[in-house]
Amino acid sequence: MNRQYTRLQTVIGLLFIVAENGKLSAVHIGKEDFDKHETGEDLSENPHNPVLAAAVTQLGEYFSGTRSSFQLPLDITGTDFQQAVWKQLEAIPFGVTKSYQDIASTIGKAKAVRAVGQANKANKFPIIIPCHRVIGQNKTLTGYAGTRTDIKEKLLRHEKASFKGSVST
């Protein structure tokens, strides 16, 4: 295994971007999330890794407002249900929001709203697979990366997306 990572400071905090065997394997928002999920001695920092460098460039372009989608090799692993949800997330355009109910209905599982939320939480590629674009049916913000709706709000404001309410930071 050749696991490497790099860091990127953004308006939502420090991102830790991890690659393995020529593909991105995770994006972590903050050191706490990185430390919780990335363990082992086989992980080293290497900002010169081409996949990590491409991710830094594309994420930098996203945050500077010149990129609205990503073209990066992702190591996507999950259940069939999770992968169906993530595919729908990738289809949500920049600046547009969908509800958890919308996603559940689109994949033919209209009653699986909570499971859609859990699939969003299991997404290892926040921003790149835009789970922040999924909000409550009443257009209010609901959990992001567990409970960090302030991050969701910043990302949606960056994209000039429509939603109700504001989260105190």
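How many bridges join strand 2 to strand 3? The legends below refer to a predicted model.

**View 1. Strands 2 and 3 pair in an antiparallel manner.** Strand 2 (residues 13-20) is joined to strand 3 by 6 bridges. Within this pairing, I17 stands opposite V27 of strand 3.

**View 2. Helix 3 (residues 80-90) has Q82, V85, W86 and L89 as its buried residues.** These residues lie on the same side of helix 3 because they cover an arc of only 100 degrees around the axis. An α-helix has 3.6 residues a turn, so residues three or four places apart point the same way. D80 and K87, on the other side of helix 3, are exposed. The buried residues pack against helix 4 (100-106), helix 5 (113-121) and strand 6 (134-135).

**View 3. Y62, F63, F70 and F94 form one aromatic cluster.** The structure holds 6 aromatic pairs. The pair of Y62 and F63 is edge-to-face, because the ring planes stand at 85 degrees, with ring centres 5.0 Å apart. Y62 and F70 form a tilted pair, because their planes stand at 40 degrees, with centres 5.8 Å apart. Y62 is buried, with a relative accessible area of 0%, and F63 is buried at 17%. F70 is buried as well.

How values were computed. Residues are numbered from 1 along each chain as its sequence is written. This is a predicted model: local features need pLDDT of at least 70, side-chain atom pairs count only at pLDDT 80 or more; totals for chains, interfaces and linings use all residues. Side-chain values use heavy atoms; hydrogens and water are left out. Buried means under 20% relative accessible area, exposed over 50%, partly exposed in between (1.4 Å probe, protein chains only). Helices (H or I, at least four residues) and strands (E, at least two) are DSSP runs, numbered from the N terminus. The arc is that of the directions from the helix axis to the C-beta atoms. Contact means heavy atoms within 4.5 Å. Two strands pair if DSSP finds at least two bridges between them. Rings of Phe, Tyr and Trp (its six-membered ring) pair if their centres lie within 6.5 Å; planes under 30 degrees apart count as stacked, over 60 as edge-to-face and the rest as tilted.
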